[in-house]
Amino acid sequence: MIKPQYAIERLYEATKKQGKEVFVTTEVGQHQMWAAQHFHFDKPNHWMTSGGLGTMGYGLPAAVGVQVAHPDALVIDIAGEASVQMTMQEMSTAVQYRLPIKIFILNNERMGMVRQWQDLLHGSRYAHSYSESLPDFVKLAEAYGGKGIRCDNPAELDAAIAEMLDYDGPVLFDVLVEKDENCLPMIPSGKPHNEIILPDTANIGDIIDEKGRQLV
């Protein structure tokens, strides 16, 4: 299975070989946090994300705007399969105006951050955080007139990313990743920094106490 962190690391390494100025937009959710952790920048103003309001659906129209402003740059929307559907129709705009944006979907078939909070706050009782009726993103891209790519094998990921970056047009890349990966480290509500949740922390569902629950 492809880990989402690994997918972004391989995407970053591939962009370094392009010789282009790189701008990254994101949707909102776990993928947004992983992008912040694993995609690196050495210049300001190349990272567009809805960090304050946390608006799902931000990344795709933002990528359209960035590509119009920087027509020779490589513009990538690192997305989640739930968030990107909020404004999926902007794929039509990208095709109409020949904007070669790349939409890199980390598809875990979950509203991942919602599921993670349900682990933390609700004893892993899941409600409406599973995406049961997802579209075929490859066919959806083709229906809009763009290119669709799907990858679920780590051994094939680098070649698929290269195919995406080499295509001179908008691409919807569906990366099937680990479904229940948590985005860590994370400070639980109501706790100090020295009680941060790390990847090897056990029983994360018992960490947030009643006072912390009231803060969420």
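**Entry 1**

I began with Ile187, which I found in the loop between strand 6 (171-176) and helix 8 (210-215). I note at the outset that this is a predicted model.

I turned next to the charged side chains, for which the count comes to 9 salt bridges. In one of these, Lys3 pairs with Glu181, and the closest N and O atoms are 2.7 Å apart. Because Lys3 sits in the segment before helix 1 while Glu181 sits in the loop between strand 6 and helix 8, this pair ties together parts that are 178 residues apart in sequence. I looked up the accessibility of both partners: Lys3, at 38%, counts as partly exposed, whereas Glu181, at 16%, is buried.

I also looked up Asp180, which forms a salt bridge with Arg110, with 3.6 Å between the closest N and O atoms. Which parts of the chain does this pair tie together? Asp180 lies in the loop between strand 6 and helix 8, and Arg110 in the loop between strand 4 (102-107) and helix 5 (112-121), so the parts being tied are 70 residues apart in sequence. Here Asp180 is partly exposed, with a relative accessible area of 43%, while Arg110 counts as buried at 17%.

A further salt bridge that I checked is that of Lys191 with Glu195, whose closest N and O atoms are 4.0 Å apart; the cut-off for a salt bridge is within 4 Å. Lys191 counts as partly exposed at 22% relative accessibility, and Glu195 is partly exposed as well, with a relative accessible area of 40%.

**Entry 2: helix 1 against helix 2**

Last, I looked up how helix 1 (residues 4-16) packs with helix 2 (residues 30-38), and found an angle of about 50°, with the axes 9 Å apart. That angle makes helix 1 oblique to helix 2. I recorded the crossing of helix 1 and helix 2 as right-handed.

Terms used: Residues numbered from 1 in each chain as written. Predicted model: local features only at pLDDT ≥ 70, side-chain atom pairs only at ≥ 80, totals over all residues. Heavy atoms only, no water. Helix = DSSP H or I, 4+ residues; strand = E, 2+ residues; numbered from the N terminus. Axes fitted to C-alpha atoms, helices over the stretch in contact; angles between N-to-C directions. Parallel < 35°, antiparallel > 145°, perpendicular 65-115°, else oblique. Left-handed = near helix turned anticlockwise from the far one by under 90°. Buried < 20%, exposed > 50% of the residue type's maximum accessible area, 1.4 Å probe, protein only.
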